[in-house]
Amino acid sequence: MTSTSPGSCKIIVDAMGGDFAPLNCVVGAVQAQKELPGVEVYLIGKSAEIQKILSEKNLAFAADRIISASEVIEMGDSPTAAIRTKKDSSIVRGCELIRDGKFDAFVSAGNTGAMMAASTLIIGRIRGVSRPTMGSFMPSAGGPVTIIDAGANVDCKPRHLVEFAIMGSIYAKEVYGVDNPKVGLLNIGEEESKGNEVSLETYALLKKAKLNFIGNIEGRDIFKGTAHVVVCDGFVGNIVLKFAEGITGLLKHLLKEYAAISFFNKLKVGLFKSSLSEALKSTDYQEHGGVPLLGIKGISIIGHGSSGPKAIKNMVAVAKKMVEHRIVEKTENAIKEYGTEKDDQV
């Protein structure tokens with residue numbers, strides 16, 4: 001990792017990543033530069049397009065912080081094929097700069113598969129990590145919950161899930177400030193005997209690990225905040241996240257239907273609208289930016305394709321926190337400590 005002055009870090013924003021790139025990416029990067037102290041923000045992508053937006057929006061951004069990359073990995077591109085053929089794409093170049101230690105973190109709202117593949121193959125895995133994993137935020141009555149894996153790995157072995165638990169615990173402690181995070185294994189029942197073969201073997205391994213493992217938890221326990229880290233494979237984790245994302249939309253739909261019944265209902269909904277919006281703020285992904293790809297030898301943050309400027313800025317904020325808390329170094333040490341270190345396990 002690059003050496004920066006005390007209290008500062010150098011973060012690259014993929015200007016070409018996302019459904020509304022480069023506009024949202026450029027505006028969000030400028031906001032991050034203005035609002036986040038101790039960060040040097042750089043933009044990577046097609047220089048002419050970046051400069052055009054800066055000019056049109058009258059945004060101040062140093063020209064020497066624009067890194068030229070002539071190609072774009074589109075949302076519909078095959079991830080592995082794209083990183084092989086588009087060598088001068090913003091995603092490939094960004095990951096190479098992290099690998100070479102020239103920058104501290106890379107954030108992109110571009111092709112998720114390409115970001116995962118490039119981060120894993122170019123930046124590389126931490127020694128002893130079988131599979132890098134995505135840990136995603138979810139709100140709960142007990143504070144932030146980390147769902148891990150959130151979609152990076154759909155088929156997992158017990159060893160993988162134990163590694164996810166280790167990395168998720170470090171992330172919850174360092175980023176969310178949770179002391180001794182409680183780890184729960186997502187299952188169809190709380191009893192130790194519940195679940196399939198993978199769940200049963202994972203439970204046994206987690207019991208032996210030096211983690212604050214509280215046993216199996218069920219889906220209803222996630223919003224209660226029963227565990228700070230919820231461990232599952234990416235197939236289940238992604239379904240849980242997408243289901244949770246839909247709840248806010250359903251609530252808004254139900255309120256709209258309720259308000260349409262009568263004038264008095266409309267008045268009641270109007271009175272509480274601002275309070276409700278504030279209460280539901282924590283469910284908005286724009287507030288939390290992107291999700292980290294944990295287990296690689298650098299910091300890579302993957303954002304939602306429709307990320308707005310606020311989400312881009314908050315992705316930079318997450319990256320900054322991970323740099324400051326030395327997440328990569330602490331993950332390396334934890335993997336060694338927990339005795340899972342093996343080179344080529346998959």
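Predicted model: local features only at pLDDT ≥ 70, side-chain atom pairs only at ≥ 80, totals over all residues.
Colleague: Which residues of helix H5 are buried?
Modeller: Helix H5 covers residues 112–123, and its 15 Å from first to last C-alpha is close to the 16 Å expected at 1.5 Å a residue. Its buried residues pack against helices H3 and H4 and strands E4, E5, E10 and E11. The buried residues of H5 are Ala114, Met115, Met116, Ala117, Ala118, Ser119, Ile122 and Ile123.

Colleague: Which residue caps the N-terminal end of H5?
Modeller: At the other end, H5 is followed by Gly124, with a positive phi near 95°. At the N-terminal end, a side-chain oxygen lies 3.1 Å from the backbone nitrogen of Gly113.

Colleague: Is Glu163 buried or exposed, and with which side chain does Glu163 form a polar contact?
Modeller: Glu163 is found in helix H6, residues 158–176. Its relative accessible area is 0%, and therefore Glu163 is buried. The polar contact of its side chain, at 3.0 Å, is with the side chain of Arg159.

Colleague: How many disulfides does a search of the whole structure find?
Modeller: A disulfide is a covalent bond between the sulfur atoms of two cysteines. The closest cysteine sulfur to that of Cys25 is in Cys95, 15 Å away and thus too far for a bond. Cys25 counts as buried at 2% relative accessibility, and Cys95 counts as buried at 0%. The number of disulfides found in the whole structure is 0.

Colleague: At roughly what angle do the axes of H1 and H2 cross?
Modeller: Helix H1 spans residues 23–35 and helix H2 spans residues 47–56; their axes come within 10 Å. The contact is made by Leu23, Val26 and Val30 of H1 and by Ile50, Ile53 and Leu54 of H2. The crossing is right-handed, and its angle is roughly 65°.

Colleague: How far apart in space are Val183 and Phe137, C-alpha to C-alpha?
Modeller: Val183 lies in strand E7, residues 182–186, and is buried, with a relative accessible area of 0%. Beyond its neighbours within four places in sequence, Val183 is in contact with residues including Ala165, Ser169, Phe213 and Val229. Val183 and Phe137 are 46 residues apart in sequence, and their C-alpha separation in space is 14 Å.

Colleague: What is the phi of Asn180, and what is that of Arg326?
Modeller: Asn180 is found in the loop between H6 and E7, and Arg326 in the loop between helices H12 and H13. Asn180 is partly exposed, with a relative accessible area of 47%; Arg326 is partly exposed, with 42%. Neither residue is a glycine. The phi of Asn180 is positive, about 50°, and that of Arg326 is positive, near 50°.

Conventions. Residues numbered from 1 in each chain as written. Heavy atoms only, no water. Helix = DSSP H or I, 4+ residues; strand = E, 2+ residues; numbered from the N terminus. Expected span 1.5 Å × (residues − 1). Buried < 20%, exposed > 50% of the residue type's maximum accessible area, 1.4 Å probe, protein only. Contact = heavy atoms within 4.5 Å. Polar contact = N/O pair within 3.5 Å; in protein donor to acceptor, adjacent residues only side chain to side chain. Disulfide = S-S within 2.5 Å. Axes fitted to C-alpha atoms, helices over the stretch in contact; angles between N-to-C directions. Left-handed = near helix turned anticlockwise from the far one by under 90°.
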